[in-house]
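Work through the two exercises below with the structure in view, and try each task before reading its solution.

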Amino acid sequence: MKKKDEPNLSAKNCVTQYNTIKVRLYPNQEQKELFQKTFGCCRYIWNQMLADHERFYLETDAHFIPTPAKYKKGAPFLKEVDHQALTQEYNKLSQAFRNFFRNPKAFGYPNFKRKKEDRDTFSACNQISGNSATIYITKDAVRMTKAGLVKAKFPCRPRSGWKLTRITVERSKTGKYFGYLLFSCVVHKPKPIQPIKERTIGLKYSLSHFYVADNGFTADPPLWLRRSQEKLSQMQQRLCRMKPGSNNYQEMVQKYRLLHEHIANQRRDFLHKESCRIANEWDAVCVRDDSLTDISQELTGGDVFNSGFGRFREMLGYKLERRGKQLLLVDRYLPTTRICSVCGHETQKLAPKTKRWICPVCGTEHEKDKNAAVNIKNQGFHQSSLNLGSSFAS
Ligand SMILES: [Zn+2]
């Protein structure tokens, strides 16, 4: 439907691609107050809709979410904020329920939002009609409904053909405002690349090395990231000894939050660079379809979520797809660490701390993670050739 106004590109071999540009926003006092109100209204409407959904369900056994417009009479303050932001809450709640019904284990039932725990954020879609749009960017600002022109600093500009479709405004814990501008563009589908073994890499998630590849390459998180993390834990300890509520304490909390934000940026940067490098260099990437919740329960002492392997896998997925390449997920229950990649012998369970082991059948000495990466690659490649066979048969 969006492709109507792209006459040059035939719909058949095109896909819509999404790109986000994160900009720092500098709202004035009035705009800050409006944003604050919008955050509050979004939480309010979410909670109202969720409560009514529960009530309807108990009474009628049917799932129904009332639209935000219904609440405006009872809560006139909702009229002060962008209606689009409220509509987005409705969409998000509907999506949360769809996810929950499809996969209750992974998504869980939608929760009520509390000011203390939830992020201050709202989204609004761009309404385009003819030459006018509700949201657009200028040289140094973002124009939004109700707020008007909000000063902004752009790290880069959208490319030609990118259409602004949505903005998400967020106030971070450190008090900074950010805008996430979502752009869509229609591009030619990349030519699918059929992987060959020499151009395929297998990656094993590793707690100490981030990952180990089947060729023995490891990607250690950069030293500066670890240094920042050490600094963070020192601050944590100092905070524990301070008197909560005192001025020093408040100052320290702010410093802590700033460093935390800084580390999150450093980490994202590392993940982007590393995933780009791999997606450029290889035609297919095999990883285990691990549930990262399982890993973190198995291994104590390290923080899987902090290392961001899940996010990394996600990035790899879409970056490869854009290049016509594949991310091959290998069954998570396959005992990749215990199988000898040389002769295929399956040995007994290895202790989590084991680094090396010798295959009792063929005598090969294995580095545990590297051997697992080889198995992951072999399995992933095997799967992809099976898929190819079936697609030819049909
Ligand atoms: Zn062996």
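Axes are lines fitted to C-alpha atoms, for helices over the stretch in contact, and the angles between their N-to-C directions run from 0 to 180 degrees. The model used here is a predicted one.

**Exercise 1.** Determine how helix α4 and helix α5 are oriented to each other, and which residues make their contact.

*Solution.* Begin with the axes: those of α4 (residues 223-241) and α5 (residues 247-281) come within 10 Å and cross at roughly 160°. Angles over 145 degrees count as roughly antiparallel, and α4 and α5 are therefore roughly antiparallel to each other. Next comes the handedness, which for the crossing of α4 and α5 is left-handed. On the side of α4 the contact includes Trp224, Leu225 and Leu232, while on the side of α5 Tyr256, Leu259 and Phe270 are among the residues that take part.

**Exercise 2.** Determine whether α1 and α2 are oblique or roughly parallel to each other, and describe their contact.

*Solution.* The axes of α1 (residues 29-60) and α2 (residues 83-102) come within 9 Å, and they cross at roughly 40°. Since angles under 35 degrees count as roughly parallel, α1 and α2 are therefore oblique to each other. Their crossing is right-handed. From α1 the contact draws on Thr38, Cys41, Cys42, Ile45, Trp46, Met49 and Leu50, and from α2 on Ala85, Leu86, Glu89, Tyr90 and Leu93.

Notes:
Residues are numbered from 1 along each chain as its sequence is written. This is a predicted model: local features need pLDDT of at least 70, side-chain atom pairs count only at pLDDT 80 or more; totals for chains, interfaces and linings use all residues. Helices (H or I, at least four residues) and strands (E, at least two) are DSSP runs, numbered from the N terminus. Angles under 35 degrees count as roughly parallel, over 145 as roughly antiparallel, 65 to 115 as roughly perpendicular and the rest as oblique. A crossing is left-handed if the near helix is turned anticlockwise from the far one by less than a right angle, and right-handed if clockwise. Two residues are in contact if their C-beta atoms, placed from the backbone, lie within 7 Å.
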